[in-house]
Amino acid sequence: MTDSKMSPTRGLDDPLLTSAQIIQRTEELAREVRRDFGETDLLLVGILKGSLYFLADFSRALGGEVEIDFIQVSSYHGEKSSSGVVQIRKDLDSNIEGRDVLLVEDIVDTGTTLSHLRELLQVRKPRSLSVVSLLSKRVAKGNLFDVEYVGFEIPDEFVVGYGLDYGERYRNLPEVFILRDEKLQ
Ligand code: PRP
């Protein structure tokens, strides 16, 4: 297993974000959220699949009373142009009416997924609906979509690792890497 051909990071440059940076920022975000919500019982909603590692670390950093649920929406990625429509593939198990709901995302790219999810979930009358995303490209793309808690603003590059995939690969890397065009395969 020491063969470099077996390394999952083969062909990737140095990490854009190391594990230490991710964990440190995650703990800061958790403190910000607890400062804003106090010890309120929060419902964390992980958006599958990319958020799985961030949700795991963030929820543990948050401590206190939390419940966890998941939602999955149709991915429009890989299509040349987005239909702009996001449909639910796996819905929540919980009733969110009157709850403080925090959507947990790995990355905001165009903002399409989150803006549709906000609309869909707002109809169910949560007491509050906020978003925490580890990564955001909104500055790079000039997207004005509002995300309450952002870990890192990153350049407009394709990133993998820590839940983020390319064709379902790379999700389990503990760090975030840029996957440059010439390496897409
Ligand atoms: C990724 C990511 C976000 C979304 C962001 O999910 O996890 O949910 O894209 O993009 P947007 O801001 O342009 O809408 P993807 O659809 O690739 O599914 P995955 O999480 O299962 O990889």
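Visitor: How many aromatic pairs does the count come to?

Guide: This is a predicted model, in which local features need pLDDT of at least 70, side-chain atom pairs count only at pLDDT 80 or more, and totals for chains, interfaces and linings use all residues. Residues are numbered from 1 along each chain as its sequence is written, and side-chain values use heavy atoms, with hydrogens and water left out. Rings of Phe, Tyr and Trp (its six-membered ring) pair if their centres lie within 6.5 Å; planes under 30 degrees apart count as stacked, over 60 as edge-to-face and the rest as tilted. By this rule the count comes to 3 aromatic pairs.

Visitor: What kind of aromatic pair do F54 and F58 form?

Guide: F54 and F58 are 4 residues apart in helix α2, so about one helical turn separates them; helices (H or I, at least four residues) and strands (E, at least two) are DSSP runs, numbered from the N terminus. F54 is buried at 0% relative accessibility, and F58 is buried at 0%, where buried means under 20% relative accessible area, exposed over 50%, and partly exposed in between (1.4 Å probe, protein chains only). Their ring centres are 5.5 Å apart with 40 degrees between the planes, and the pair is tilted.

Visitor: What is the angle between the planes of F158 and Y166?

Guide: F158 is partly exposed, with a relative accessible area of 34%, and Y166 is partly exposed at 24%. Their pair is edge-to-face, with 5.6 Å from centre to centre, and the angle between the planes is 85 degrees.

Visitor: What distance does helix α1 reach from its first C-alpha to its last?

Guide: Helix α1 covers residues 19–37 and has 19 residues. The expected span of a helix is 1.5 Å times one less than its number of residues. For α1 the expected value is 27 Å, and the helix comes close to it, reaching 27 Å.

Visitor: Which elements do the buried residues of α1 pack against?

Guide: The buried residues of α1 are I22, R25, T26, L29, A30, V33, R34 and F37. Packing rests on contact, meaning heavy atoms within 4.5 Å. The partners of these buried residues are β1 (42–47), α2 (52–62), β2 (66–73), β4 (100–108), β5 (128–136) and β6 (149–153).

Visitor: Which residue of β6 is the bridge partner of V132?

Guide: Two strands pair if DSSP finds at least two bridges between them. β5 and β6 pair in the parallel sense over 4 bridges, and 4 of the 5 residues of β6 are buried. In β6, the bridge partner of V132 is Y149.

Visitor: Which residues does S133 touch?

Guide: S133 lies in strand β5 and is buried, with a relative accessible area of 0%. Not counting residues up to four places away in sequence, S133 touches F54, E105, D106, I107, V108, V147, Y149, V150 and G151.

Visitor: How many Å apart in space are L121 and I96?

Guide: L121 is found in helix α3 and is buried, with a relative accessible area of 0%. Leaving aside its neighbours within four places in sequence, L121 is in contact with I71, L92, I96, L103, P126 and L129. L121 and I96 are 25 residues apart in sequence, while their C-alpha to C-alpha distance is 8.2 Å.

Visitor: How many Å apart in space are L117 and I71?

Guide: L117 also lies in helix α3, and its relative accessible area of 0% makes it buried. Beyond its neighbours within four places in sequence, L117 is in contact with I47, I71, V73 and L103. L117 and I71 are 46 residues apart in sequence, and from C-alpha to C-alpha the distance is 9.5 Å.

Visitor: Is Y170 buried or exposed?

Guide: Y170 has a positive phi of about 80 degrees although it is not a glycine. Its place is in the loop between β7 (159–160) and β8 (177–178). At 8% relative accessibility, Y170 counts as buried.

Visitor: Is K125 buried or exposed?

Guide: K125 is not a glycine, yet it has a positive phi of about 60 degrees. It is found in the loop between α3 (112–122) and β5. With a relative accessible area of 56%, K125 is exposed.

Visitor: Which residues does the cis peptide bond join, and what is its omega?

Guide: One of the two residues, K49, is found in the loop between β1 and α2. The cis peptide bond joins L48 and K49, and its omega is about -5 degrees.
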